[in-house]
Amino acid sequence: MGILQRIEYPDKTNPPQFSDTHIPEVSRKNDSPYIVTTLTKLIYSLWDRSIRQREFIWNSHYLIKEICDRKIYVLREAFFGLAFSPSVDVRSDSFTKLLNSFDLKRAKFDSQFFLLSCQFKQKNLLRRDLNAFYNLYKEFTGIYEQLKNYSDITSRRQPPLPIHYDIKALKEKYDDLNNQLATYLDYEAPAILKAFSEIFNLLLPAGSIIPPEIMKELYEDSKKIEEAIIPYTSMIPPEYQDCIWLLFEKLGYQVSSIQKPPHFKNIGNSCYLDSSLQALIALPIVKDRLQKDYLEETIAKLEFEIANGQLNEQDLNNKQFELINKKSSLERRKILKNELSLLLNSYQPVSENQISYVDYFLATRFSEPSSSVFKLRNLLFKSQLHPELEMENLKRQLDASSVFEVLMTEILEYTYSFQKFAETVDLPGRQFISREETLSILQIPFVTNISSLEELIRCSFEKEECVHADVEDRRAFIPSEGIIVNEQALTQVEDEMAPIRPERYQTWMRLKSLPDVLPIQLKRFAGNFEQRVKITDPVDFPENLEIDLSLYLDPSPNDHSSARYEIASYVVHQGGLNCGHYISYVKQGDEYWVCNDTASTIERISREEFCQNRNAYIVVLKRIPNDLQLIET
């Protein structure tokens with residue numbers, strides 16, 4: 001969804017008036033000139049150094065201590081004089097009265113927030129409710145910001161002033177109110193925006209002439225919505241966005257769209273699912289693919305290949321086995337595809353079809369993406385498409401790679417194909433090639449002293465020396481066919497083909513085809529089921545966020561697809577083996593976001609913050625089309 005940014009803003013409304021006019025409003029000098037900002041940082045650095053010096057000479061002569069105390073006092077006052085304007089005397093009686101008035105207003109805010117659920121229910125009273133809510137919002141946020149600034153002032157006194165602890169306790173109460181306000185808007189904002197869009201669309205038909213006073217009222221209301229409601233929600237109905245664009249176009253404003261991913265709420269150990277979904281939502285190509293009937297097309301393609309009669313016996317058996325699995329799971333995969341499409345496209349609540357009345361109640365009561373996540377999780381675990389996603393594990397924290405695997409393989413059908421090659425000193429000059437295989441996630445192991453993602457990928461495609469003293473651990477090679485086979489295929493090999501099991505050999509992998517979306521899993525979890533460890537080695541992204549896989553690809557003559565990819569999103573695992581949390585970092589358009597399902601909303605970050613995170617676990621790559629693909633499109 002998008003939110004609006006205007007090039008030009010009118011003057012802001014006056015700040016709220018506090019009960020005691022003798023106490024000035026305090027604000028940080030965010031608009032300070034560069035020299036003042038630099039000087040402030042320098043003074044703060046000197047102040048901090050002086051405090052450390054004083055602690056170091058604590059047992060020295062009292063005269064030296066007095067000199068340090070004076071130095072600290074001068075630097076401290078200079079810092080607060082530059083960082084805040086105007087200065088405020090937190091020791092005065094007037095300031096104490098002001099805090100008491102804030103405490104009294106807190107009780108009023110508590111009761112008014114409780115009554116918010118009764119507002120925005122009647123269309124003829126929408127403007128009245130919006131004005132009342134906006135005034136309440138401005139008064140609350142004005143006091144809340146002042147408390148945060150006063151807390152900054154008093155906390156930096158060493159030791160902290162006694163009144164600091166009163167301010168801290170009062171600020172914690174306002175923190176609870178702010179969370180209460182954010183929760184209310186997170187649930188109700190989409191319905192409020194839809195109600196306003198219905199009225200706006202009636203007044204803004206194409207080519208209509210609107211009286212200036214009506215345009216002014218529409219603009220004022222949209223400005224209040226943009227300031228007080230939109231920042232608290234990730235679900236902006238497209239009809240509201242369209243009508244606001246039309247309004248600003250009529251007013252002569254320039255607008256730009258910021259693509260903002262939705263915010264999923266944790267519904268109980270669901271961060272592995274939420275982070276995986278948010279990492280895929282960053283890709284418009286996924287949204288477009290879900291509108292196509294590719295599941296049926298895959299089955300039709302398999303039937304054609306089988307009927308064509310050009311496959312050898314083993315490949316024919318593999319295709320027939322794949323076809324049986326595709327057909328038997330088709331209905332389950334179509335239901336999951338439909339639910340995923342619903343979630344990624346419009347973030348609507350789920351319908352009542354094929355769910356219990358309890359699920360329907362939750363979906364209709366909470367009109368938010370988590371309702372669909374709730375149903376999607378149940379469907380995934382009932383589908384039996386992945387061994388880890390079983391109903392007995394529904395409430396457990398699972399690996400995000402399991403979700404990626406079932407989404408990419410069974411629902412989106414984004415897979416890559418590869419072949420393995422091998423050489424052995426037992427048969428010098430002979431090269432063995434495995435049959436073509438398909439997977440959905442490219443697994444990359446860590447290498448000691450290598451942190452670059454590009455280098456880690458390169459190392460995974462290099463030749464690997466394998467030595468197996470135990471015969472049972474060795475791979476089987478068939479000299480007459482020049483192929484590598486596994487144990488399952490070895491049982492089908494005729495005796496005259498005489499497979500050998502060399503003790504020492506080299507093996508490597510080559511890609512044969514690549515999908516439009518390719519997840520890379522950095523193997524941070526190593527060991528067996530009984531003893532696992534988490535690898536915390538850092539991983540560095542390339543500066544341009546691009547990965548070129550053409551060096552490792554042997555495409556077919558008719559495949560002209562690009563092998564260049566860009567990093568569209570990635571998932572990070574925080575914590576250890578037994579407990580942890582998944583969050584995703586998403587590139588949406590030209591903006592970058594952190595999606596955490598336990599936070600009140602998603603957070604916008606800079607490109608540098610997106611690129612410099614070194615804890616990626618699953619990296620989602622999106623293909624960069626070449627000229628031929630653009631022409632075909």
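A polar contact is a pair of N or O atoms within 3.5 Å; within protein, one atom must be able to donate a hydrogen and the other to accept it, and residues adjacent in sequence count only if both atoms are side-chain atoms. The side chain of Asp399 makes such a contact with the side chain of Tyr617, at 2.9 Å. This is a predicted model, where local features need pLDDT of at least 70, side-chain atom pairs count only at pLDDT 80 or more, and totals for chains, interfaces and linings use all residues. Residues are numbered from 1 along each chain as its sequence is written, and side-chain values use heavy atoms, with hydrogens and water left out.

**The whole chain**

- The protein chain has 19 helices and 21 strands. Both are DSSP runs, numbered from the N terminus: helices are H or I with at least four residues, and strands are E with at least two.
- Of the 633 residues in the protein chain, 44% are buried. Buried means under 20% relative accessible area, exposed means over 50%, and partly exposed lies in between (1.4 Å probe, protein chains only).
- Contact means heavy atoms within 4.5 Å. Take the contacts between residues at least 6 apart in sequence: 74% of them join residues at least 24 apart.

**Asp399**

- Asp399 sits in the loop between helix H14 (369-383) and H15.
- Asp399 counts as buried because its relative accessibility is 16%.
- The Asp399 side chain also reaches the backbone nitrogen of Ser401, at 2.9 Å.
- Leaving out residues up to four places away in sequence, Asp399 touches Tyr272, Glu388, Phe525, Tyr582 and Tyr617.

**Arg510**

- Arg510 lies in strand E12, which covers residues 504-513.
- Its relative accessible area is 19%, so Arg510 is buried.
- The side chain of Arg510 reaches the backbone oxygen of Leu551 at 2.8 Å.
- Leu551 is also one of the residues that Arg510 touches, not counting residues up to four places away in sequence. Phe418, Gln419, Phe421, Tyr552, Leu553 and Asp554 are on that list too.

**Helices H8 and H15**

- H8 (residues 271-281) is mostly covered. Eleven of its eleven residues are buried, including Cys271, Asp274 and Gln278.
- The axes of H8 and H15 (residues 400-411) come within 8 Å and cross at roughly 50°. Axes are lines fitted to C-alpha atoms, for helices over the stretch in contact, and angles run from 0 to 180 degrees between N-to-C directions.
- That angle is why H8 is oblique to H15. Angles under 35 degrees count as roughly parallel, over 145 as roughly antiparallel, 65 to 115 as roughly perpendicular and the rest as oblique.
- H8 and H15 cross in a right-handed way. Right-handed means that the near helix is turned clockwise from the far one by less than a right angle, and left-handed means anticlockwise.
- H8 brings Tyr272, Leu273, Ser276, Leu277, Ala279 and Leu280 to the contact, and H15 brings Ala400, Val403, Phe404, Leu407 and Met408.
- These residues are ten nonpolar, one polar and no charged. Ala, Val, Leu, Ile, Met, Phe, Trp, Tyr, Cys and Pro count as nonpolar, Asp, Glu, Lys and Arg as charged, and the others, Gly among them, as polar.

**Helices H10 and H11**

- H10 (residues 294-308) packs on H11 (residues 313-328) at about 150°, with the axes 10 Å apart.
- H10 is therefore roughly antiparallel to H11.
- The crossing of H10 and H11 is left-handed.
- The residues in the contact of H10 with H11 are five nonpolar, two polar and six charged.
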